[in-house]
Amino acid sequence: MDFWKSIFTLARRRSVGPPIFALAILVAVIAYLMLPTTYVSSTAMVLTTPTSGGTLSPDPKEAAGLTNPLLQFNDGLRTTAGILILSMNTPEMMTRLGVRPGGPTEITINDGRTNPDLLGISTNGPFVYVEVDSRSPATADATVRKAGQLIRAELAARQRALKAPPSTYIAITDVMPPGTPEAKRTVKWGAAAGGLLAVMVVGFGLAYLVDRQRGNRRASYVVHAPWVAQPQRPAITPSAYEPDVPPPDADAAPATTAPPAPRPSQNWDDDATAVIVVVSDEPQGGDRSGGLRLAPDPDGDAVGDGSGEDISRPASRAG
């Protein structure tokens, strides 16, 4: 889900989305224009028996009965159609038709299984289907007509080679005669769609990777940068009640000071007493050494407030 949100966010950016879409459309147009348009021409034929049937009476005086060729479809006709299809797909026949491998013209000869209109009935009837794809509509039309003539010639030659009676020759009829070649742009549209999709996938994929790398770099700068400025602490100014200390005399001998006495440990427990001394804003007598003291007093003795006087205070227990 986060991936698609990132993709949509990148697509809305003016520096990412519009350039990728413009490039994808440009590639699609170029692919469509570069691929040539092919033209398709096709024909479908069916094999039929003669009206006199497939047999000839040995007695010329005995007339044979007449039949309807459309009622005489059998496995023999389907077998003949298969023979013709195989003979027309040989390299020699392709050369006679002017079709070479990898050339601008392609031809398909089968029983109609590649044609959606004949797919359902091709297994029941002796059909021969011819389809030609070429870059030139004139070439497509000429090739499909020539293929039909060669199929008829091949059928007659095989019957003559078998010494079949001429009155029993199998006939071939056009079910769908060759028409005007139609433009086929399926390959062009497929190439354009593929180019459009490929550019969008690659473009947004690269943009996503670059965006992720930039995000990781920002995160590393915030966490590991040693030069991140620390907030400055306010300067400590001397209190208005701090006693004035004269500067030391340069000619005076240095005073010896005893090491400070260890401070007694202040253990706050349930029996400790907190002492709060409040001094007015204007100290009396010009003494400015007053202050506020907070200390434990377990013995209940009086504590001085810095003015030289003893202040008795009631004892109160914490907690």
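**Entry 1: helix α3**

I began with the buried residues of α3, which are Leu77, Thr80, Ala81, Leu84, Ile85, Ser87 and Met88; buried here means under 20% relative accessible area, exposed means over 50%, and partly exposed lies in between (1.4 Å probe, protein chains only). Looking down the axis of α3, I found that these buried residues fall within an arc of 165°, so they line one face of the helix, the arc being that of the directions from the helix axis to the C-beta atoms. On the other side of α3, Asp75 and Leu86 are exposed.

I note for the record that this is a predicted model, in which local features need pLDDT of at least 70 and side-chain atom pairs count only at pLDDT 80 or more, while totals for chains, interfaces and linings use all residues. Residues are numbered from 1 along each chain as its sequence is written, and side-chain values use heavy atoms, with hydrogens and water left out.

Helices (H or I, at least four residues) and strands (E, at least two) are DSSP runs, numbered from the N terminus. By that assignment α3 has 14 residues and reaches 20 Å from its first C-alpha to its last, close to the 20 Å expected at 1.5 Å a residue, where the expected span is 1.5 Å times one less than the number of residues. I then looked up what covers the buried residues of α3, and the list includes β1, α4, β2, β3 and α5.

**Entry 2: nonpolar cores**

Which residues have the most contacts inside the largest nonpolar core? I find Leu47, Met88, Leu97, Ile107, Val128, Val130 and Ile151, in a core of 24 residues; such a core is a set of buried Ala, Val, Leu, Ile, Met, Phe, Trp, Tyr and Cys residues joined through side-chain atoms within 4.5 Å. At least two residues of this core come from each of β1 (38-48), α3 (75-88), α4 (91-97), β2 (105-110), β3 (127-134) and α5, and the largest share, six residues, is supplied by α5. A second, separate core has seven residues, among them Ile7, Leu10, Ile20 and Tyr208.

**Entry 3: salt bridges**

I count seven salt bridges in the structure, each defined as a side-chain nitrogen of Lys or Arg within 4 Å of a carboxyl oxygen of Asp or Glu. One of them joins the side chains of Arg13 and Asp211 (3.3 Å, N to O); Arg13 lies in the loop between α1 (2-12) and α2 (17-34) and Asp211 in helix α6 (residues 186-224), so this pair ties together parts that are 198 residues apart in sequence. Arg13 is partly exposed at 36% relative accessibility, and Asp211 is partly exposed at 24%.

Arg78 and Asp75 are three residues apart in the helix, which means a separation of about one helical turn.

The side chains of Lys184 and Asp133 also meet in a salt bridge (3.8 Å, N to O), linking strand β5 (residues 182-184) to strand β3 across 51 residues. Is Asp133 buried or exposed? At 16% relative accessibility Asp133 counts as buried, whereas Lys184 is partly exposed at 32%.

Conventions. Contact means heavy atoms within 4.5 Å.
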